[in-house]
Every structure is written in structure tokens, then in C-alpha cells.
Amino acid sequence: MSDLSDRQRESLMAYCRLDDLPPEEADLLAALYGAAVSYMEQAGVSEPPEGTSRRAQYDLCVNALVLDAWDIRGTEVDGNAAENPAFRRTLNQLKLTEPEAAL
């Protein structure tokens with residue numbers, strides 16, 4: 001599981017609109033981050049280097065996955081469970097432009 005750096009934690013908390021978290025919720029946020037990074041890897045998208053445009057797209061996808069998992073912690077969803085089309089487009093773009101060396 002990928003470790004959540006301080007920079008990533010701050011960015012993720014801002015994205016999810018979270019304030020200070022008690023230790024058990026901070027641990028949950030880190031676990032959700034690790035699961036999102038693992039999801040991206042299993043989807044065929046490697047973690048790009050810091051400071052690149054691919055990294056910005058990658059971070060947005062990871063943040064979206066974490067927010068979704070944070071907000072919906074159960075196994076059932078009420079109402080419309082349609083996937084966010086912006087997330088899907090970004091993930092597809094990352095998959096289609098994955099450097100060959102990472103495959």
C-alpha cells in the first residue's frame with residue numbers, strides 16, 4: 001500500500017472538505033488512499049512522477065475514489081448509482097496514455 005505523504009494528506013483533506021480528523025479517522029483516510037492507489041495500479045495506471053500533468057490527473061482520480069469511499073462506506077447505495085463521467089474520462093485517458101515501460 002502506498003504511504004500517504006503530508007502533502008497528499010493535505011490535498012486529499014481539502015478535496016474531501018475534511019477538517020481535523022481524530023486518529024482513527026486519519027487511519028481510515030490513509031487506508032482509503034492506499035486502496036485507491038491500488039485500484040489505479042490494478043486498472044493499469046502507474047503512479048506518475050511528481051510535478052507532471054499526468055500526476056495532476058492521477059491525483060484527481062485517486063482523490064475522487066477516496067471521496068467516494070469516504071462518503072459511501074456501506075455496500076448498498078440509494079438512488080442513482082451512476083459513475084461520475086469526468087472521473088471515467090480521466091481514468092480512461094490515463095490508461096490510454098500509460099507509458100509502455102510501466103505496462
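Buried means under 20% relative accessible area, exposed over 50% and partly exposed in between (1.4 Å probe, protein chains only). The model is predicted: local features need pLDDT of at least 70, side-chain atom pairs count only at pLDDT 80 or more, and totals for chains, interfaces and linings use all residues. Residues are numbered from 1 along each chain as its sequence is written, and side-chain values use heavy atoms, with hydrogens and water left out.

**View A. Buried residues of helix α3.** Helices are DSSP runs (H or I, at least four residues), numbered from the N terminus. Buried residues of α3 include Arg-54, Arg-55, Asp-59, Asn-63 and Trp-70. The buried residues of α3 pack against α1 (6-15), α2 and α4 (85-96).

**View B. Packing of α2 on α3.** Helix α2 (residues 23-42) and helix α3 (residues 53-71) pack at about 125 degrees, with axes 9 Å apart. Axes are lines fitted to C-alpha atoms, for helices over the stretch in contact, and angles run from 0 to 180 degrees between N-to-C directions. The contact (heavy atoms within 4.5 Å) involves, among them, Leu-28, Leu-32 and Tyr-33 of α2 and Tyr-58, Val-62 and Leu-65 of α3. By class, this contact has 15 nonpolar, no polar and 2 charged residues. Ala, Val, Leu, Ile, Met, Phe, Trp, Tyr, Cys and Pro count as nonpolar, Asp, Glu, Lys and Arg as charged, and the others, Gly among them, as polar.

**View C. Ser-38 of helix α2.** Ser-38 is found in α2 and is partly exposed, with a relative accessible area of 31%. The C-alpha atoms of Ser-38 and Val-62 are separated by 9.6 Å, and the two residues are 24 residues apart along the chain.

Notes. Helices (H or I, at least four residues) and strands (E, at least two) are DSSP runs, numbered from the N terminus.
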